[in-house]
Amino acid sequence: MNKQQLKEFKEALMRERAKFAGEIRAIAKEASKNPRDASGDLSAYTVHLADMSSDTYERELSANIASSEQQVLYQIDEALKRLEEGAYGTCQQCDKVISMSRLKAVPYTSLCIECQRATEQKKR
Ligand SMILES: [Zn+2]
């Protein structure tokens, strides 16, 4: 991968990072609108979860979204680190070069398509 390509991937990663960080903030803001949650009292929150009202469901859903976005954010940070170290674009599992089209679709991926598929199969 040449310098120009690395630069472009870095920019793509920074854009993704800003996007996900913004979404997490928006979700957190949405969740904090509910005054019941403002105290940060965990036991009250647990009781609240138990009654499974639609409001609870929605808030739980946004918590799930926030945590999966948090994970993507972590992956983006890891990808940026690899980019700095010169290891970007190499599969973390088998050391093969990750295809350009895959990196363009998911710039923060750390696995080649074969390893990604193998990981997903293991999960099932
Ligand atoms: Zn691989």
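**Entry 1: helices 1 and 3.** I started with how these two helices cross, and found that helix 1 passes helix 3 in a left-handed crossing. This is a predicted model, so I read everything below as computed from that prediction. Helix 1 covers residues 3–32. I looked up the packing angle with helix 3, and it comes out at about 155 degrees. The two axes are 9 Å apart. Angles over 145 degrees count as roughly antiparallel, and therefore helix 1 and helix 3 are roughly antiparallel to each other. I also sorted their contact by residue class: 17 nonpolar, 2 polar and 8 charged residues.

Entry 2: I picked Leu-13, which sits in helix 1. Is Leu-13 buried or exposed? Leu-13 is buried, and its relative accessible area is 0%. Next I checked its distance to Leu-80, one of the buried residues of helix 3. Leu-13 and Leu-80 are 67 residues apart in sequence, yet their C-alpha atoms are 7.1 Å apart in space.

**Entry 3: helix 3 by itself.** Helix 3 runs over residues 54–85, which makes 32 residues. From first C-alpha to last it reaches 46 Å, close to the 46 Å expected at 1.5 Å a residue. Then I went through its buried residues. Among them are Thr-56, Arg-59, Ser-62, Ala-66, Glu-69, Val-72 and Leu-73. Further along I noted Ile-76, Ala-79, Arg-82 and Leu-83, also buried. I kept a general point in mind while reading that list: an α-helix has 3.6 residues a turn, so residues three or four places apart point the same way.

**Entry 4: after helix 3.** Just past the end of helix 3, Gly-86 takes a positive phi of about 80 degrees. Which residue other than glycine did I find with a positive phi? Asp-95 has one, near 70 degrees. Most residues other than glycine have a negative phi, and that made me stop there. Asp-95 is in the loop between helix 3 and helix 4. Asp-95 is exposed, with a relative accessible area of 62%.

**Entry 5: helix 4.** Here I looked at Leu-103, which lies in helix 4. Leu-103 is buried, with a relative accessible area of 0%. I followed Leu-103 to Phe-9: the two are 94 residues apart in sequence and 8.2 Å apart in space, C-alpha to C-alpha.

**Entry 6: the whole chain.** I stepped back and counted 5 helices and 0 strands. Along the sequence the pattern reads α-α-α-α-α. Of the 124 residues in the chain, 28% are buried.

**Entry 7: confidence.** How confident is the prediction on average? The chain averages a pLDDT of 85, and 84% of the residues score at least 70. Where is confidence lowest? That is helix 2, residues 42–50, at a mean of 51. Confidence is highest in helix 4, residues 100–105, at 95. That is the helix where I found Leu-103.

Technical notes. Residues numbered from 1 in each chain as written. Predicted model: local features only at pLDDT ≥ 70, side-chain atom pairs only at ≥ 80, totals over all residues. Heavy atoms only, no water. Helix = DSSP H or I, 4+ residues; strand = E, 2+ residues; numbered from the N terminus. Expected span 1.5 Å × (residues − 1). Buried < 20%, exposed > 50% of the residue type's maximum accessible area, 1.4 Å probe, protein only. Axes fitted to C-alpha atoms, helices over the stretch in contact; angles between N-to-C directions. Parallel < 35°, antiparallel > 145°, perpendicular 65-115°, else oblique. Left-handed = near helix turned anticlockwise from the far one by under 90°. Nonpolar A, V, L, I, M, F, W, Y, C, P; charged D, E, K, R; others polar. pLDDT = per-residue confidence, 0-100.
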